[in-house]
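User: I would like to learn how to read the features of a model like this one. Please take them one at a time, with the general idea before the case.

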Amino acid sequence: MTIRRATSAPARRAAGLLAGLALGAALLAGCSSEGAETDCGLDACTITFDRGVEASARILGVEAKLIGAEGDQVTVEVAGEQLSLTVGQQATEVAGFQVSLDSVNDQQVVVRVARDLSA
C-alpha cells in the first residue's frame, strides 16, 4: 500500500515564489559597476555612467562601457561592440540586446540595455 501526501496549493505557491525570488536575487547580484550606477530588472537595466571617468558596468551577463560623449551623441561599448547613440534614436540591437540612450548631460549619461525578447 502506497501512502501519498497531498501538498497544499498555498505551499506549492510559496515554494514557487521563494524559488523565483532566489533566482531574481542571483541575477541582480551579477551586476557590478565602476563609475556607474545600475538599476536592473530581470530583462533590462538602466545604467547611469559618470562622465569624465572610466565608467563600466557588468549587467545581464555582458559588459557595457562609456567610451565617449560629445554633445548629444554618445559612444558606448556593449558586449564588445561599439555603438553611437543619440537621445530619441530607436534602440540599436547588439548581441541579443536592445540598447538606447535615455539622456545625456554634462555629468552623466543614461543608457538602457534590454534583452531583445523578439529574437
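Analyst: Start with two terms. Helices (H or I, at least four residues) and strands (E, at least two) are DSSP runs, numbered from the N terminus. Two strands pair if DSSP finds at least two bridges between them. This is a predicted model, in which local features need pLDDT of at least 70 and side-chain atom pairs count only at pLDDT 80 or more, while totals for chains, interfaces and linings use all residues. Residues are numbered from 1 along each chain as its sequence is written, and side-chain values use heavy atoms, with hydrogens and water left out.

User: What is the mean pLDDT of the protein chain?

Analyst: pLDDT is the predictor's confidence in each residue, from 0 to 100. Its mean here is 80, and 71% of the residues reach 70 or more. Over residues 17–30 the value is below 50, and this stretch has five contacts in the model beyond near neighbours in sequence. Contact means heavy atoms within 4.5 Å.

User: How should I read the pairing of strands, and in what order do the strands of the open sheet stand?

Analyst: Strands of a sheet pair through backbone hydrogen bonds, either parallel or antiparallel. In this model five strands form an open sheet with antiparallel pairing, in the order β2-β3-β10-β9-β8. Because β2 and β8 stand at the edges with a single partner strand each, one side of each has no neighbour in the sheet. From one strand to the next the twist averages 25°. For such angles, axes are lines fitted to C-alpha atoms, for helices over the stretch in contact, and angles run from 0 to 180 degrees between N-to-C directions.

User: How many bridges join β3 to β10, and how many join β2 to β3?

Analyst: Seven bridges join the antiparallel strands β3 and β10, where I47 is opposite V111 of β10. Between β2 and β3, also antiparallel, there are five bridges; D39 has T46 in β3 as its bridge partner. β2 and β3 form a hairpin, with three residues between them.

User: Which residue in the turn between β5 and β6 has a positive phi?

Analyst: That residue is G71, with a phi of about 65°, in a hairpin with two residues between β5 and β6. The two strands run antiparallel and share six bridges, with L66 opposite V76 in β6. β6 also pairs with β7, in the antiparallel sense over six bridges, and V74 stands opposite L85 of β7. This hairpin again has two residues between its strands, and A79 in the turn has a positive phi of about 55°.

User: Where else does a residue other than glycine have a positive phi?

Analyst: The general idea is this: most residues other than glycine have a negative phi, and most peptide bonds are trans. L60 has a positive phi near 50° and lies in the loop between β4 and β5. A95 also has a positive phi near 50°, in the loop between β8 (92–94) and β9.

User: Which residues in the largest nonpolar core touch the most other members?

Analyst: A nonpolar core is a set of buried Ala, Val, Leu, Ile, Met, Phe, Trp, Tyr and Cys residues joined through side-chain atoms within 4.5 Å. The largest here has 24 residues, and I47, F49, I59, V76, V78, V99 and V111 touch the most other members. Among the elements giving two or more residues to this core are β3 (44–50), β6 (73–78) and β10 (108–115). Beyond its neighbours within four places in sequence, V111 has contacts that include I47, F49, V76 and V99.

User: How much of the contact count comes from residues 24 or more positions apart?

Analyst: Such pairs account for 28% of the contacts in the protein chain with a separation of 6 or more.

Methods: Buried < 20%, exposed > 50% of the residue type's maximum accessible area, 1.4 Å probe, protein only.
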